[in-house]
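Subject: The structure I promised you

Hi,

Have a look at it first, then read on.

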Amino acid sequence: MYEVSPDFGMMAQEWNLSALAYPIVTQFFGIQPMAGEKTIKIDPLLPSDWDHIGISNVIIGDNKVNVQVKREGETIQVEVKQSNPEWKIEVPFERYATILVNGQKHTMGDKIEVTGEVVKMTNQE
């Protein structure tokens, strides 16, 4: 017996989930893992009419990551929590002139890599 429905096609294929999950994780949340270097680049793109998004329990190597993104006016706040604080979080944010990372001010062009259980980022336009 063939497991394809004549009316709906093959619904339970692995690539169906991958085609949905991959762009959400890499584009909306901007999670770009470099597991061999124990580094995760975070550069979210929150759609203009959304106020917040969040994703939990993204497993990358021996690390588990949660990302929350909030918009308040022109300010974007990103909070990253990770289970392995030894991993580096890389913050690109080339779209903003100034950002705060864990309370420290950085300007465009700085390469920002931080470690820790919680990393908080806020743009300043």
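Two strands count as paired here if DSSP finds at least two bridges between them. With that in hand, β3 and β4 are an antiparallel pair held by seven bridges. One thing to keep in mind throughout is that this is a predicted model.

First, the overall picture. The protein has one helix and 10 strands, and the order from the N terminus is α-β-β-β-β-β-β-β-β-β-β. It has 125 residues, and 33% of them count as buried. Its accessible surface comes to about 8,100 Å², with 53% of that belonging to carbon and sulfur atoms. If you take the contacts between residues at least 6 apart in sequence, 46% of them join residues at least 24 apart.

β3 (52–60) and β4 (63–72) form a hairpin with two residues between them. In the turn, G61 has a positive phi of about 60 degrees. Within the pair, I59 stands opposite K64 in β4.

β4 then goes on to pair with β5 (75–82), and here eight bridges join the two strands, again in the antiparallel sense. N66 has K81 in β5 as its bridge partner. β4 and β5 also form a hairpin with two residues between them, and G73 in that turn has a positive phi of about 65 degrees.

Now the open sheet. Four strands make it up, in the order β1-β2-β6-β9, and the pairing is mixed. Its edge strands are β1 and β9, each of which pairs on one side only. From one strand to the next, the twist averages 25 degrees.

β2 and β6 run parallel and are joined by three bridges, whereas β6 and β9 (residues 112–115) run antiparallel and are joined by four. I89 in β6 stands opposite I40, and I89 also stands opposite V114 in β9.

E90 is worth a stop. What is the relative accessible area of E90? The value is 15%, so E90 counts as buried, the cut-off being under 20%. E90 sits in strand β6, which covers residues 88–91. Leaving aside neighbours within four places in sequence, E90 is in contact with M34, T39, I40, K41, I42, K111, I112 and E113.

On to the nonpolar core. The largest one has 24 residues, and I31, I42, V67 and V80 touch the most other members. β2, β3, β4, β5, β6, β7, β9 and β10 (118–124) each supply at least two residues of this core. The largest share comes from β3, with four residues.

How many aromatic pairs does a search of the whole structure find? It finds one. The ring centres of F28 and W50 are 5.1 Å apart and the planes are at 50 degrees, so the pair is tilted. F28 is in helix α1 (residues 14–28) and W50 is in the loop between β2 and β3, so the pair ties together parts that are 22 residues apart in sequence. Both partners are partly exposed: F28 has a relative accessible area of 28%, and W50 has one of 35%.

Last, two backbone details in loops. K38 has a phi near 50 degrees, a positive value in a residue other than glycine. K38 lies in the loop between β1 (31–34) and β2 (39–42) and is partly exposed, with a relative accessible area of 35%. N102 is not a glycine either, and its phi is positive at about 50 degrees. N102 lies in the loop between β7 (98–101) and β8 (104–107), and it is partly exposed, with a relative accessible area of 40%.

If you open the model, I'd go to E90 in strand β6 and then to the F28 and W50 rings.

Cheers

Definitions and conventions
Residues numbered from 1 in each chain as written. Predicted model: local features only at pLDDT ≥ 70, side-chain atom pairs only at ≥ 80, totals over all residues. Heavy atoms only, no water. Buried < 20%, exposed > 50% of the residue type's maximum accessible area, 1.4 Å probe, protein only. Contact = heavy atoms within 4.5 Å. Areas by Shrake-Rupley, 256 points an atom, 1.4 Å probe, with all protein chains shown as cover. Axes fitted to C-alpha atoms, helices over the stretch in contact; angles between N-to-C directions. Core = buried A, V, L, I, M, F, W, Y, C linked by side-chain atoms within 4.5 Å. Phe/Tyr/Trp six-rings, centres within 6.5 Å; stacked < 30°, edge-to-face > 60°.
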